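Hi,

Here is the structure I promised to pass on.

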Amino acid sequence: MSYVDDVLARVKKQNAAEPEFLQAVEEVLESLRPVIDANEEVYRKQAILERICEPDRQLKFRVPWVDDNGQVQVNTGYRVQFNNAIGPYKGGLRLHPSVYLGIIKFLGFEQIFKNSLTGLPIGGGKGGSDFDPKGKSDREVMAFCQSFMTELCKHIGADVDVPAGDIGTGAREIGFMYGQYKRITGKYEGVLTGKGLSYGGSLARTEATGYGVLYIVDEMLKCNGKDIKGKTIAISGAGNVAIYATQKAHQLGAKPVTCSDSSGWVYDPDGIDVATLKDVKEVKRARLTEYVKARPNAEYHEGRGVWTVKCDIALPCATQNELQLDDAKALVANGCFAVAEGANMPTTLEATKYLQENGILFCPGKAANAGGVATSALEMSQNSERLSWTFEEVDSKLQGIMVNIFHNLDDAAKRYGKEGDYVAGANIAGFEKVVDAMLAQGVC
């Protein structure tokens, strides 16, 4: 049995109840076969794959808090510190009812390679809770965040583990968590990213993930003889990533025509209006039915359906496994020629394979979604230097990082005879840097 098959069998046996984690590991290891086969003797002897697939530590803890009725509520908190071979653990905190250990492990595993691809000294980690901030008062959110940080603060630090925001964790939640960290430890340090601008946050952090998706798509198209100007883009989601991907798409001369939330989706033939979308989602915190009230030419549809719209480029920016095999077939049939993952693993393995087999330019999330964590690392740099860079400085650095990511994954794919396979290229480029550091540091 090959080393890859041996490790996959072991991981599947040990993590049988965690399908998202197994999906992420299988996708990465399968695409790494050429690299691993070429170095099998060294990697097997050093147990590289076993070590990279097993987190350094997995933290699970109780989070008790009191709601507005005086009732004590209890949630579960998680932090998985996966790999710190190239820098302190770095990854967001997801607050969503779907969160359990398997989700956090899948996100943390992906984060290892995503963070490596940025070229910045940050390792992989992830955390969160099954707490749902939707419908909660500010006081209830604060109560949860303070309780959550009371335990988490024992395990993080500016040079140890630097969490950030994710689904359900925005500026409000980061602020409450940072205040509690400071109160308990007495330290004013860059231990969280995504902070407010008044206390160490970075300009362009809010826009970073969405902007980054478009920067890498633009570079991918240029390198394949195509131009993003005038192209129609289907985007899923209506959160931070989707909003700013839509904004940057407009700035680059493309026309984004869709957005979605957990209830339904919108098609706007005139192009999604960013100001209206922001008002609905960031100000009113309402459903997308409110969008069509302000945009009479737009259509609202219940349920799923974003990927049925005729488009040139598709950007899944909502959540994991949202783009499935039937969706991939619809995109191909409608003439789509490029897909980039704005969310974490939003495309199933079957859909990814189908898109690649049909000649679609496919950029995986660990590359396309890396703009957020890259700018978080830039925030860490500013905190360490006690400086604040301009929006233009941060945005310029972000664009440079995303362009470099594409060329690094493109070069890696070509080196192993997989030209055009950007999934393999991203995994190989991210993996090589981490493994070099692991081998240099001995068995640890």
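**Strands, helices and rings**

Ten bridges pair strand β1 (residues 57–66) with strand β2 (residues 72–83) in the antiparallel sense. Before I go on, a word on where this comes from: it's a predicted model, where local features need pLDDT of at least 70 and side-chain atom pairs count only at pLDDT 80 or more, while totals for chains, interfaces and linings use all residues. Residues are numbered from 1 along each chain as its sequence is written, and side-chain values use heavy atoms, with hydrogens and water left out.

On terms, helices (H or I, at least four residues) and strands (E, at least two) are DSSP runs, numbered from the N terminus. Two strands pair if DSSP finds at least two bridges between them.

Back to β1 and β2. V63 has N75 in β2 as its bridge partner. The hairpin of these two strands has five residues between them, and G70 takes a positive phi near 85° there.

- Three strands in the order β8-β9-β10, with antiparallel pairing. The edge strands, each pairing on one side only, are β8 (258–260) and β10 (299–302). Direction ignored, neighbouring strands here are turned by 20° against each other on average (axes are lines fitted to C-alpha atoms, for helices over the stretch in contact, and angles run from 0 to 180 degrees between N-to-C directions). Three bridges join β8 to β9 (residues 264–267), and S260 has W265 in β9 as its bridge partner.
- Five strands in the order β7-β6-β11-β12-β13, with parallel pairing. Its edge strands are β7 (255–256) and β13 (361–363). Inside it, β11 (residues 313–315) and β12 (residues 338–340) pair over two bridges, with I313 partnered by A338 of β12.

Now the helices. α2 (residues 19–31) packs against α18 (residues 422–440) at about 90°, with the axes 8 Å apart. That makes α2 roughly perpendicular to α18 (65 to 115 degrees; under 35 is roughly parallel, over 145 roughly antiparallel and the rest oblique). E27, V28 and S31 of α2 meet V423, A424, N427 and I428 of α18 in this contact, where contact means heavy atoms within 4.5 Å.

Finally, the rings. The whole structure holds 14 aromatic pairs; rings of Phe, Tyr and Trp (its six-membered ring) pair if their centres lie within 6.5 Å, with planes under 30 degrees apart stacked, over 60 edge-to-face and the rest tilted. Y43 and F431 have ring centres 5.8 Å apart and planes at 80°, so they are edge-to-face. Y43 sits in helix α4 (residues 40–45) and F431 in α18, 388 residues apart. Both are buried (under 20% relative accessible area; exposed is over 50% and partly exposed in between, with a 1.4 Å probe and protein chains only).

F61 and F148 make a tilted pair, 5.4 Å centre to centre with 45° between the planes. This one links β1 to helix α7 (residues 138–152) across 87 residues. F61 counts as buried at 8% relative accessibility, and F148 does too, at 0%. F61 and F148 also belong to one aromatic cluster with W65, F131 and F144.

Cheers
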